[in-house]
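Thanks for coming. I have one structure to go through today, and I will keep it short. Please have a look at it before I start.

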Amino acid sequence: MIFIANKTREIEKNNINLKIEISKLKEDIKINKIEFITHQNSSYLKNLYSLYFPISKEIIMPNVISLNQLKNTDQNVKLVNTKN
């Protein structure tokens with residue numbers, strides 16, 4: 001009985017630790033979703049860019065399109081590689 005009780009307690013501790021890790025991951029996912037939604041806003045990106053790269057000239061921001069617009073074959077869309 002003692003052996004089974006010890007094993008049960010180990011499993012219970014592992015389950016508690018896993019629940020804590022899962023809740024942390026869920027919180028991280030929520031934060032990532034909020035950041036993703038925020039970063040899709042082009043005016044936010046423009047303001048963020050101006051904070052880190054202050055330039056006296058007018059900043060030209062690229063047109064941001066959605067996946068649905070990209071799927072639309074009526075538009076002439078040119079894709080570019082952003083890797084340096």
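I begin with a contact between two side chains: Arg-9 and Glu-12 form a salt bridge, with 3.3 Å between the closest N and O atoms. Keep in mind that this is a predicted model. Where does this pair sit? Both residues belong to helix H1, which covers residues 2-39. Arg-9 and Glu-12 are three residues apart there, or about one turn of the helix. How many salt bridges does the structure hold? The count is one.

Now the exposure of the two partners. Arg-9 has a relative accessibility of 41%, so this residue counts as partly exposed. For Glu-12 the value is 39%, and Glu-12 therefore also counts as partly exposed. The cut-offs behind that label are under 20% for buried and over 50% for exposed.

Next, the overall fold. The chain has three helices and zero strands. In sequence order, the pattern reads α-α-α. Of the 84 residues in the chain, 1% are buried. The accessible surface of the chain is about 8,600 Å², and carbon and sulfur atoms account for 59% of that area.

Which residues make the nonpolar patch of about 490 Å²? They are Tyr-49, Leu-51, Tyr-52 and Phe-53. Take Phe-53 from that group: this residue is placed in the loop between helix H2, residues 42-52, and helix H3, residues 67-71. Is Phe-53 buried, exposed or partly exposed? Phe-53 counts as partly exposed because its relative accessibility is 47%.

The other loop I want to show lies between H1 and H2, and Gln-40 is found in it. With a relative accessible area of 47%, Gln-40 is partly exposed.

Last, confidence. The mean pLDDT of the chain is 77, and 67% of the residues score at least 70. Where in the chain is confidence highest, and where is it lowest? H1 has the highest mean, at 89, and H3 the lowest, at 70.

Definitions and conventions: Residues are numbered from 1 along each chain as its sequence is written. This is a predicted model: local features need pLDDT of at least 70, side-chain atom pairs count only at pLDDT 80 or more; totals for chains, interfaces and linings use all residues. Side-chain values use heavy atoms; hydrogens and water are left out. A salt bridge is a side-chain nitrogen of Lys or Arg within 4 Å of a carboxyl oxygen of Asp or Glu. Helices (H or I, at least four residues) and strands (E, at least two) are DSSP runs, numbered from the N terminus. Buried means under 20% relative accessible area, exposed over 50%, partly exposed in between (1.4 Å probe, protein chains only). Patches are made of residues with over 30% relative accessible area and no salt bridge: like charges are joined within 9 Å, nonpolar side chains (Val, Leu, Ile, Met, Phe, Trp, Tyr) within 5 Å. Accessible areas come from the Shrake-Rupley method with a 1.4 Å probe; for residues, only the protein chains shown count as cover. pLDDT is the predictor's confidence in each residue, from 0 to 100.
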